[in-house]
Amino acid sequence: MTKVQLVHLAHARSGDKGDTANVGVIAYDEAHYCLLREQLTPEAVKAHFGEMVKGDVERFELPNLSALNFLLYGALGGGGTMSLMNDAQGKVFSTGLLRMEIDVPADVAEAVKGRGRVPEGWSPGGEG
Amino acid sequence: MSDESRVVRIASGQGFWGDDLEAPVRQVEGGPIDYLMLDYLAEVTMSIMQKQRARSPEAGYARDFVPLMERIFPKCVEDGVRVVTNAGGVNPEGCAEALVEAGRRAGVQGRARVGLVTGDDLMDRLEDLIADGHELAHMETGEPLSTIVEQVQSANAYIGAAPIVEALGKGADVIVTGRSTDTALTYGPLIHEFGWAADDHDRIAAGVVAGHINECGAQCTGGNCLIDWWEIPDMANVGFPIVEVSADGTFVVTKHPGTGGRVSRATVAEQIVYEMGDPTDYITPDVVADFTTIHLDDLGNHRVRVHGVKGGPRTDFLKVSIAYSSGWKATGTLTYAWPDAAAKARAADRILRERLDRLGLHFDEIRTELVGWDSTHGALVGEPPADIPEVQLRVGVRAADRAAVERFTREIAPLVLTGPPSVTGFAGGRPRVQEIMAYWPALVRRGVVEDHLRVEVREV
C-alpha cells in the first residue's frame, strides 16, 4: 500500500448551514469509491481536521454518485455573520479535506499521479 | 404535442443577490426557454434587506431585479418566457410595484401581468404566535424563541410551490415572492405545467433535484468546479444552467449552445452535494426528496440526464428563518513583507492583544489568521516557511459592547509606526464595525403560515 493525497482520487465541494460545514467528496473513478468508503470514516475525518471542527463529524453515503457527504458540526466559528473566519461559509473545507492521505494499492497510486492538480507549465493564456 | 414528449425548459439566471448581472440576459437571448428563475436569497440576505427596509420603507428587496426586468421584459413578453423569482425579499409588495413601473417604462403596458405572493413574513406576528403556544424553538439547541424575541430583525417561513402554481394559473407572467424555498422557483412551474398531484412524490422530488441543480447558477456548469477546472473553456462567457424537464420528472441539465463552461456528470454531481445534509432526507415544503436515488447519465455535448429520483410525503411543518441582533464585530488587516514576514505578523498580533488588554476591553472572541498561510486550511498547514515572501495579518473581534469593537478599529493603523517593521497595506482606512445577525432556524405548523398566504395578479 502507498499513501496518496485524496486530491488525486476525488473532487469535493463544501458549503454551510448555520455553524455546520458540509463537505461532499466524489471519487473521480467509481472503482475508487470503496477505498474512500473504507478509509474516510467519520473518526478519521474528525482526526484530520482536529481543532478546526469543535463538534462531531457525521457521514452519509451516496453510492449512486460515488460520493460521501460529511457534516462538520461547530466548524464555522458560530456561522453566518457571527463568524470571524476568513472562510465563514466553509467554502474551502472541501480542499482542506483533500489534503488528507489515504492508503491505496501501488498500481492505483501510480495511475492517479498528478490527477487533480494543474499540469506543469500551464498558464491562463490571453494577452500579457 | 402530447404530454409524454413535451419538454419544459427552466433556465437559471441568478444564484444569489450579487451574481453575474448579464446571466439572465444571456439566458433569455441565447435560445428557447419557457421559464427564467432567479434566486436572490440566502440565510443572511433577509436580515440585510430588513435593515434596508427599516431605513427606507420602499426598500427591502433585491433592487437589481427591477432594472434587469426593464431590460428583458419586452423580449420575455414576445417569446412567452415567464419569470419566477424570490427577489421580493422582505418587501415583495414594494418589489412588485417597482416591477409594474419598470414594465411600463419598458413598453409592455397592457401586455403583461405581475403576480405577487405575500404571507411568508412572520415578523409582525411573532408575539401572537408565541402567545398562542408556538415556541419557535431553535432547531439545534431547542431553546424557545422567547429568550431572544426582542432582538429579532427578520422572521420568514420557507414557503412552497402552491402560491407560485396559483399565480401561474391566474396568468401571471412575472411572479415575485418573498422567502420562497429556492427549489420551488423551479418545481413550482413544473407542477403548473404538468399538473403533478400533491401525492406524486417522486415527480415533485425530481423537480426538487432540478431546482437544487438550478439554484446556484453557474455552480453546476463549470463555476467553482474542481474537476480539471483549468480546462473548462470560455468561463468569461459561462453558460448558466437550463433544465429540460419531461412530464415523468426525468430531465436533462444543459446550457445554451455557444456559451462557455461545462456540463458533465462531474459538474452536476458537485452541485448536488453542495450544502447537503442527510441525502435521504432533503426536506422541502412540498416533498421529502431522497438524493441517494438520483441517477446521472452523461449524454455528452454538455447534456446530463437525471432520472430515478424518489420522494416521500411532506412534513407537517415549515422551516422558519429568523435573524436576530447578536452584538458587533470588526476585522482589521495589515501586510508584512520578507524577511520573517510570519514572525512579524505574529509579534504584531501579540502587541495588539496586549494593548486591547491594557485598555480594559473585553471581547467574546479574538481570532487571528495569516492570509497567505493558514486562513483557509488552519492548523492543517503547520508552520509557515521562514522565507515566506509576505503574509496578511487578519485579526477579528466580536463583542456585545459596540464601543469595545469601535476602539479595536482604532488600534490597527498605529501598529504601522509602533510595531514590527516592513508593514504595509493599511490604505483602506479603519475597519468597519458590523452588526452581527445571528441565525435562528425553527419549525412552525404549516397551517399557521399557509392560512396567511395571498396571491395577487396585477396588470402592467
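A residue is buried if 20 or more other C-beta atoms lie within 10 Å of its own. Asp39(B) has 28 other C-beta atoms within 10 Å, and is therefore buried. The model in which this count is made is a predicted one. The predictor gives the model an ipTM of 0.96 and a pTM of 0.96. For chain B the average pLDDT is 96, and 99% of the residues score at least 70.

Asp39(B) sits in the loop that runs between strand 2 (35-38) and helix 2 (45-55) of chain B. Setting aside residues up to four places away in sequence, Asp39(B) touches Gln14(B), Gly15(B), Phe16(B), Asn86(B), Asp182(B), Leu185(B) and Glu215(B). Pro420(B) is 381 residues from Asp39(B) in sequence, and the two C-alpha atoms are 47 Å apart in space.

One of the residues that Asp39(B) touches, Asn86(B), belongs to another loop of chain B, between strand 3 (82-85) and helix 4 (92-105). Asn86(B) counts as buried because it has 32 C-beta neighbours inside 10 Å. Apart from neighbours within four places in sequence, the contacts of Asn86(B) are Asp39(B), Tyr40(B), Leu41(B), Thr177(B), Gly178(B), Arg179(B), Ser180(B) and Leu185(B). Ala137(B) is 51 residues from Asn86(B) along the chain, with 26 Å between their C-alpha atoms.

The next point is the division of chain B into domains. Domain 1 covers 7-120 + 158-315, and domain 2 covers 326-439. Between the C-alpha centres of domain 1 of chain B and domain 2 of chain B the distance is 40 Å.

Some backbone details of chain B follow. Most residues other than glycine have a negative phi, and most peptide bonds are trans. Glu275(B) is not a glycine, yet has a positive phi of about 50 degrees. Glu275(B) is found in the loop between helix 9 (265-272) and strand 9 (282-283) of chain B. With 21 other C-beta atoms within 10 Å, Glu275(B) is buried. Asn301(B), also a residue other than glycine, has a positive phi near 55 degrees. The loop that holds Asn301(B) lies between strand 11 (295-300) and strand 12 (303-307) of chain B. Asn301(B) is exposed because the number of other C-beta atoms within 10 Å is 8.

The peptide bond from Trp338(B) to Pro339(B) is cis, its omega being near 0 degrees. Pro339(B) is placed in the loop between strand 14 (317-337) and helix 10 (341-358) of chain B.

Last comes the contact between the chains. Chain A contributes 33 residues and chain B contributes 43 residues. On the side of chain A that touches chain B, the elements giving two or more residues are strand 2 (10-17), strand 3 (20-27), strand 4 (57-62) and strand 5 (67-72) of chain A. Strand 2 of chain A supplies the largest share of that side, five residues. By residue type, the side of chain A that touches chain B consists of 14 nonpolar, 14 polar and five charged residues.

Conventions. Residues numbered from 1 in each chain as written. Chains lettered and ligands numbered in written order. Predicted model: local features only at pLDDT ≥ 70, side-chain atom pairs only at ≥ 80, totals over all residues. Helix = DSSP H or I, 4+ residues; strand = E, 2+ residues; numbered from the N terminus. Buried ≥ 20, exposed ≤ 12 C-beta atoms within 10 Å, placed from the backbone. Contact = placed C-beta atoms within 7 Å. Nonpolar A, V, L, I, M, F, W, Y, C, P; charged D, E, K, R; others polar. Domains from an automatic or database assignment. pLDDT = per-residue confidence, 0-100.
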